[in-house]
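User: I am new to this structure and would like a close look at a single part. Could you walk me through its aromatic rings and what surrounds them?

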Amino acid sequence: MNDLGGQTIFDLSSAGTEGVTVPQPQVPSPGASWRLPESNFRSSLPDWPEVSEIEVVRHYTRLSILNHHIDRNTYPLGSCTMKYNPKINERAATKAGFARLHPETPDADCQGALQLMWDLARDLAAITGMDEICLQGSAGAQGEMAGLLMARAYHRRHGEHRLRVIIPDSAHGTNPASVTLAGFESVAIRSDARGLVDPDALAAVLDDSVACIMLTNPNTLGLFERDIVRIAGMAHAKGALLYNDGANTNALLGLARAGDMGFDMLHLNLHKTFSTPHGGGGPAAAAIGAKRALAPFLPGPAVVKRGETGHEQFAREAPGPDSIGSIHPFVGNFGVLVRAYTYIRSLGALGLAQVAQDAILAANYLRARLATEYDIPHPGPCLHEFVASASRQKQHGVRAGAIAKRLLDFGVHSPTVYFPLIVPEALMIEPTETESQERLDAYAEAFLQIAREARHDPDLVNSAPHETPFLRIDEAKAARELDVG
Ligand SMILES: *Cc1c(COP(=O)(O)O)cnc(C)c1O
């Protein structure tokens, strides 16, 4: 599979080969005139591979296709929304006027970029039912952190010091982590047999020491919290705020709004719901939304509109006295904002609603196709994702992680496994709206065949993958002991 028999770029190095020709320096070589200690200068060149430009291109192209990549095939990571990212977004984001804009450019000279942010914030407010949107967050987890600091500032303003935050046991791991980091105590509540928040369990822990309830809706089982209006009423009756982890809002676009359900604050992962490729670890951006009462506490600076026309129409405004302050240099990850804006404007209101409907249809179709071989502990209908369980396969000694590895042999990526924690042997599948029926069928066939293999030849599954250039990669070790040398 690897066209050079697994050779690395270091193996390809040949002394004296150059990829670029660097001009002779026109400044004197470093020496005594430079006020740096001698020990700071290199005495020899670094041990870098010496290869031609084309070998560098081939090297990175080769790496990008081992073992799977987003442009190759289905990548249905639940809770991660690995949707196709339309190329028009890249075209807009890489326009020189956006990509080369310096953040210190005076407002009068970057009205277009400021208007884009102002319009994007208005669009997101309309999509979510929030009153104000801050675009400064650099990731979903930072949005959560900001929301919690806002909750604290809000309660302090009302002379209260509330210490507890309620989170359901199906929550994304960042929720309890953010709560702890923000200095609150997290209180977990069990989901009921439906996979939803149990209002009675909530009532039992909800009192006036609770600052906030943090909910994902649809939750991480892909289910809509049917009692959300009642839950919001219960929270507000005790003076607590309701925060929506809206990292994955695919299923609601154009159909329902967190603001109308009673949420006071939310974050949206622009890099999930509103495109931007994020599989390789970034970049990301979170929009943080707030209802009127919470808006003064939002981070900043924000883009404001001062007049109807002119060079000073849009301006960056420093955060006000109640704001929790700045959480990112300048206004945020602007390139991601351009992609989100392009995504929204190229689809329009009806197109966004179609995204939601197609995402829901794709997930339900796949759920129905897998149900013959896999347990679905919380049978649907689901929204943009569903959680199957490999507990039947486990009886033959095949666990969810092995199924995930075997899927690679079919040229597709696995779903999220072992999350949410409340489903044993969880396989959390989010096909997204961008997969055709043919792709969904091929994905289902792979899953069904693996279920048959689990019964008849479990070793085949447990020793997978067999076809990929690299076999059983220990990803946790690779992430923890990063060695790029
Ligand atoms: C991805 C995700 C997050 C965290 O977002 P990051 O950008 O990775 O920090 C939080 N909650 C849910 C439900 C998510 O899917």
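Analyst: Happy to! Let's begin with what counts as an aromatic pair: rings of Phe, Tyr and Trp (its six-membered ring) pair if their centres lie within 6.5 Å. Planes under 30 degrees apart count as stacked, over 60 as edge-to-face and the rest as tilted. Please keep in mind that this is a predicted model.

With that rule, the count comes to 6 aromatic pairs. One of them joins Trp118 and Phe314: their ring centres are 5.8 Å apart and their planes meet at 55°, so the pair is tilted. This pair links distant parts of the chain, with Trp118 in helix 4 (residues 111-128) and Phe314 in strand 9 (residues 314-317), 196 residues apart. Trp118 has 18% relative accessibility, so Trp118 counts as buried. Phe314 also counts as buried, because its relative accessibility is 3%.

Next come Tyr374 and Phe447, an edge-to-face pair with 5.1 Å centre to centre and 85° between the planes. Here too, distant parts of the chain are linked: Tyr374 lies in the loop between helix 11 (334-370) and strand 10 (386-389), while Phe447 belongs to helix 14 (residues 437-456), 73 residues apart. Both Tyr374 and Phe447 are buried. With Tyr443, these two residues form one aromatic cluster.

Now for some surroundings, starting with helix 5 (residues 140-157). This helix has 18 residues and reaches 26 Å from its first C-alpha to its last, close to the 26 Å expected at 1.5 Å a residue. Its buried residues include Gly140, Gly143, Leu148, Met150, Tyr154 and His155. Just after helix 5, Gly159 takes a positive phi of about 70°.

Finally, have a look at two strands. Strand 2 (residues 164-168) pairs with strand 3 (residues 185-189) in the parallel sense, over 5 bridges. To get from strand 2 to strand 3, the chain passes through helix 6 (residues 174-181), and this β-α-β crossover is right-handed.

How values were computed:
Residues are numbered from 1 along each chain as its sequence is written. This is a predicted model: local features need pLDDT of at least 70, side-chain atom pairs count only at pLDDT 80 or more; totals for chains, interfaces and linings use all residues. Side-chain values use heavy atoms; hydrogens and water are left out. Two strands pair if DSSP finds at least two bridges between them. Helices (H or I, at least four residues) and strands (E, at least two) are DSSP runs, numbered from the N terminus. A crossover is right-handed if, with the strands pointing away from the viewer, the path from the first strand over the helix to the second runs clockwise. Buried means under 20% relative accessible area, exposed over 50%, partly exposed in between (1.4 Å probe, protein chains only). The expected span of a helix is 1.5 Å times one less than its number of residues.
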